[in-house]
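Please look through the structure shown here together with its sequence. The paragraphs that follow begin with the confidence of the prediction and the chain as a whole, and then turn to selected helices and to one residue.

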Amino acid sequence: MRPIRAALLALCLSAAPGGSLAEPAAVGQAGRADAFAGFVAALRADALAKGIAPATFDAAFRGVVPDPAVLARIKGQSEFGRPVWDYLVGAVSPARIARGRARGAALGPTLPAIEARYGVPASVLLAIWGIESDFGASGGSVPTIRALATLAAARHRGTLFRDELLAALAIQQRGDVAPDRMLGSWAGAMGQVQFLPSTFLAHAVDFDGDGRSDIWASDADSLASIAAYLKDLGWNPAIAWGYAVRLPEGFDLTRYAADLPEFSRRGVSRIDGGPLPDKGGASVFLPGGAGGPAFLITDNFEVIRGYNTSDSYALAVGHLADRLAGGPPLVAPWPSAASRLDKAGLQALQTGLAAQGLYAGEADGRAGPKLREAIRRYQIREGLTADGYATPALRDRLAGRTDARPR
């Protein structure tokens, strides 16, 4: 599988940039302009060596200067910095559900045709489309070349954005989009689907048959490109992303991964009243801890995380897809009044679990499957409620605080 550049985008926004463009107090305006001109000259040589025509490069960079607003916005994304319940309020709002259903109906046979070709449910495609660009209404207004050049010249995340800039030039040379229409986010994610250029080259498709993969103006191309990407990431059409469920009283959370029929035998039921499938595996996901909303998530949940590595994002996509398909809202309350860990607290928790030999990842301050698994292993070992949920009490317990209390 090719590197998942859309997922890398989610990882690249929280680190501070390096280089003179990111440190305006260190050099004068003329020095910064000279540095950018030198960057462009070196890039031009590399681009031409890779087969980009001089005319393509010069047209793309005509009038391009560093964008200070781009550098000012380098910070964590909202889906990483907010509680999952706050993120879901905006991502799965009644207005978005209504717009999504209306947009789906207006597309007529297009969505069923895309689903038939790629095996991804129309509701999931609509959900991603809605969260990424409000169903095509807001695909971004920042010129992609300028955004990527600013980040690449600042050496933000090493060579990532330089590589993406070369991919953007390849898109322009291929003729999929005119330079003035290549627009997207401040971080270079483009169009209605918010693909980085390398993701576009690997996965964008021309579904409407006009000879261009147009994720800026074509609804059909945008939705089909989402579907193609998910299929390439490993979407399994035989299973759902997951299920919102009720856990029975006294449910044994230490046995949190099993086949779906086993969960049925243990009394787990879907909140929409439907039966759990008679095959396939899943695991319990409690994004607000025990007592909050409960889900059984499948491998397709991880496929959605390939589009964006945030748990909150993947859950929002899944739940919005369910609501667009007529499913009910969540019934269990979120722990919105309880204290929660910020990024530094999550980093301390990761460090504490690593010291116990339970966590081997980077202490990046982000919740995800690796951290959930480490927490569960610790909770099971200590006889705590094995919900995999990160709390201040758990951090304090690992740090040896005497006033820490188990959940």
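**Confidence and overall build**

The protein chain has an average pLDDT of 90, and 89% of its residues score at least 70, where pLDDT is the predictor's confidence in each residue on a scale from 0 to 100. Over residues 1–28, however, the pLDDT is below 50, although this stretch has 76 contacts in the model beyond near neighbours in sequence, a contact meaning heavy atoms within 4.5 Å. Where pLDDT is low, the predicted coordinates should not be read in detail.

This is a predicted model, in which local features need a pLDDT of at least 70 and side-chain atom pairs count only at pLDDT 80 or more, whereas totals for chains, interfaces and linings use all residues. Residues are numbered from 1 along each chain as its sequence is written, and side-chain values use heavy atoms, with hydrogens and water left out.

The protein chain contains 19 helices and 7 strands, which are DSSP runs numbered from the N terminus (helices H or I, at least four residues; strands E, at least two). Of its 407 residues, 52% count as buried, that is, under 20% relative accessible area with a 1.4 Å probe and protein chains only, as against over 50% for exposed and partly exposed in between. Among the contacts with a separation of 6 or more, 67% join residues 24 or more positions apart.

**Two helix pairs**

Two packed helices are described by the angle between their axes and the distance between the axes. Helix α13 (residues 219–233) and helix α15 (residues 299–307) have axes that come within 9 Å and cross at roughly 120°, which makes α13 oblique to α15. Here I226, Y229, L230 and L233 of α13 meet V303, G306 and Y307 of α15.

Helix α17 (residues 343–355) packs against helix α18 (residues 369–382) at an angle of about 55°, with the axes 11 Å apart, and α17 and α18 are therefore oblique to each other as well. On the α17 side the contact is made by L346, L349, Q350 and L353, and on the α18 side by L371, A374, I375 and Y378. Angles under 35 degrees count as roughly parallel, over 145 as roughly antiparallel, 65 to 115 as roughly perpendicular and the rest as oblique.

**A buried arginine**

Leaving aside residues up to four places away in sequence, R323 touches V92, I97, R101, P328 and P329. The C-alpha atoms of R323 and P94 are separated by 9.3 Å, although these residues are 229 residues apart along the chain.

Terms used: Axes fitted to C-alpha atoms, helices over the stretch in contact; angles between N-to-C directions.
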